[in-house]
Amino acid sequence: MKKILVLLSLIASPALAQTGEQTAVRATIDRMFDGMRKIDTVQFRSVFAPGATLRSIGKNKEGITGVQITPIPAFIAAIGKQKPGALDERLGGYDIKIDGDMAVAWTPYSFFLNGKQSHCGVNSFTLVKLSNEWKILSIIDTRRVCQ
């Protein structure tokens with residue numbers, strides 16, 4: 001019986017450790033969106049790694065798909081111009097994968113501007129663990145009209 005318990009603890013330990021890391025990755029993403037909702041640019045800025053990027057995939061007025069690149073400082077400045085509560089991105093779940101100091105998170109979302117749904121899509125976050133803390137290195141999202 002003791003051998004079975006030891007074997008089970010060896011198998012479960014990596015899974016439990018990853019679950020804790022997944023929780024930490026999710027907390028970083030949640031902190032970003034909480035900062036956005038509160039228009040707390042200090043909190044919002046704190047989750048990004050140096051050199052972080054934001055890219056959005058969507059269609060223009062002619063229906064042609066393109067990629068819009070927004071520098072993180074411009075993203076932070078745009079958030080800072082809003083009123084608290086004006087921006088609300090609601091996530092539909094998290095699919096988080098981790099390998100060492102790198103994590104990716106896939107999060108379906110619906111975005112609301114001043115209480116009205118603006119668009120929806122999926123976020124793909126890449127995070128890196130720096131100084132024992134998860135930071136967002138890149139975000140790429142899709143944007144479409146929701147039904």
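Grid points are joined across faces, edges and corners, and a volume is the space filled by probe spheres set on the points. Before you click, note that this is a predicted model, where local features need pLDDT of at least 70 and side-chain atom pairs count only at pLDDT 80 or more, while totals for chains, interfaces and linings use all residues. Residues are numbered from 1 along each chain as its sequence is written, and side-chain values use heavy atoms, with hydrogens and water left out.

**Stop 1: the largest pocket**

Select L54, F75, I79, F111 and R143: of the 23 residues lining the largest pocket, these lie nearest its centre. The space in there comes to about 440 Å³. Now colour by element (helices are DSSP runs of H or I, at least four residues; strands are runs of E, at least two; both are numbered from the N terminus). α1, β1, β2 (65-71), α3, β3 (87-91), β5, β6 and β7 each give two or more residues to the lining, and α3 gives the most, with four.

**Stop 2: the largest nonpolar core**

Next, pick V25, M32, F44, F48, F125, L127 and I136. Of the 27 residues in the largest nonpolar core, these touch the most other members. Such a core is a set of buried Ala, Val, Leu, Ile, Met, Phe, Trp, Tyr and Cys residues joined through side-chain atoms within 4.5 Å, and buried means under 20% relative accessible area (1.4 Å probe, protein chains only). α1 (2-38) is the top contributor, with five residues.

Zoom in on F125. Leaving aside neighbours within four places in sequence, F125 is in contact (heavy atoms within 4.5 Å) with residues including I29, M32, F33, T107 and I136.

**Stop 3: T107**

Hop to T107, in strand β5. Buried or exposed? T107 counts as buried, at 0% relative accessibility. Beyond four places in sequence, its contacts include L91, Y94, N123 and F125.

**Stop 4: the disulfide**

Finish with C120 and C146, whose sulfur atoms sit 1.8 Å apart in a disulfide (a pair of cysteine sulfur atoms within 2.5 Å). C120 lies in strand β6 and C146 in the segment after β7, so the pair ties together parts 26 residues apart in sequence. A search of the whole structure finds one disulfide. C120 counts as buried, at 11% relative accessibility.

Terms used
Buried < 20%, exposed > 50% of the residue type's maximum accessible area, 1.4 Å probe, protein only. 1 Å grid on protein atoms, 1.4 Å probe; cavity = no way out; pocket = protein on both sides within 12 Å on 5 of 7 lines; lining within 4 Å.
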